[in-house]
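Have the structure open beside you as you read.

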Amino acid sequence: MAWTFDEIDRRILKTLQHEGRIANNILAEKVGLSPSPCLRRVRLLEEAGIIDRYVAILNPAAMGLKLTVFSRVWLKSQDAATVNHFAREVGQLPEVVECHLMAGDCDFLLRIIVADLDAYRRFQIDHLTRIDGVQSIKTDIPMQKIKQTTEIPLP
């Protein structure tokens, strides 16, 4: 069943998407509630799975990880065993920060973060191409990041 959002829920979620570590009393003030009802609302949103988790968003470039690439992967077969095997293997690679099973031209789309082009090439040779069932990989290198957000549009 879909959650029915009211304006207070929207304000809570919008604020938490920008400031995940905000203290409850300050959040309550920002959304126009007293602290107890605000905390109750946040807990209901957590219990309903609307708020999935709280995280720190790191700056990859500040840690020397300056290259993001998108790799399209084609498998030799699309049977469940091959797809599941690939998904399990990719799930163990920290460089892969997103993995999507695709409908359309390729089987998977990966977003990979590494230090530089040489690091990506080594990653591709040492890891991606060694996964059983991989037929081919095409890599796209973005020239400029226009928009990247973790915020979800609110209904």
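In which segment is Glu151 found? Glu151 sits in the segment after strand E4 (134-140); helices (H or I, at least four residues) and strands (E, at least two) are DSSP runs, numbered from the N terminus. Before going on, a word on the source: this is a predicted model, where local features need pLDDT of at least 70 and side-chain atom pairs count only at pLDDT 80 or more, while totals for chains, interfaces and linings use all residues. Residues are numbered from 1 along each chain as its sequence is written, and side-chain values use heavy atoms, with hydrogens and water left out.

Back to Glu151. At 31% relative accessibility it counts as partly exposed, the class between buried (under 20% relative accessible area) and exposed (over 50%), with a 1.4 Å probe and protein chains only. Setting aside neighbours within four places in sequence, Glu151 is in contact with Gln17 and His18, where contact means heavy atoms within 4.5 Å. Cys38 lies 113 residues from Glu151 along the chain, and their C-alpha atoms are 21 Å apart.

His18 brings us to helix H1 (residues 7-18). At 1.5 Å a residue, its 12 residues should span 16 Å, and the end C-alpha atoms are 17 Å apart, which agrees; the expected span is 1.5 Å times one less than the number of residues. Buried here are Ile8, Asp9, Ile12, Leu13, Thr15 and Leu16. Seen down the axis of H1, these fall within an arc of 165°, so they line one face of the helix; the arc is that of the directions from the helix axis to the C-beta atoms. What do they pack against? The buried residues of H1 pack against H2 and H3.

Take H1 with H3: the axes are 11 Å apart, at an angle of about 80°. Axes here are lines fitted to C-alpha atoms, for helices over the stretch in contact, and angles run from 0 to 180 degrees between N-to-C directions. H1 and H3 are therefore roughly perpendicular, the label for 65 to 115 degrees. Ile8, Asp9, Ile12, Leu13 and Leu16 of H1 meet Arg41, Val42 and Leu45 of H3.

Now for H2 (residues 24-31) and H3 (residues 35-47): their axes come within 9 Å and cross at roughly 95°. H2 and H3 are therefore roughly perpendicular too. From H2, Asn24, Asn25, Leu27, Ala28 and Val31 meet Pro35, Cys38, Leu39 and Val42 in H3.

Conventions. Angles under 35 degrees count as roughly parallel, over 145 as roughly antiparallel, 65 to 115 as roughly perpendicular and the rest as oblique.
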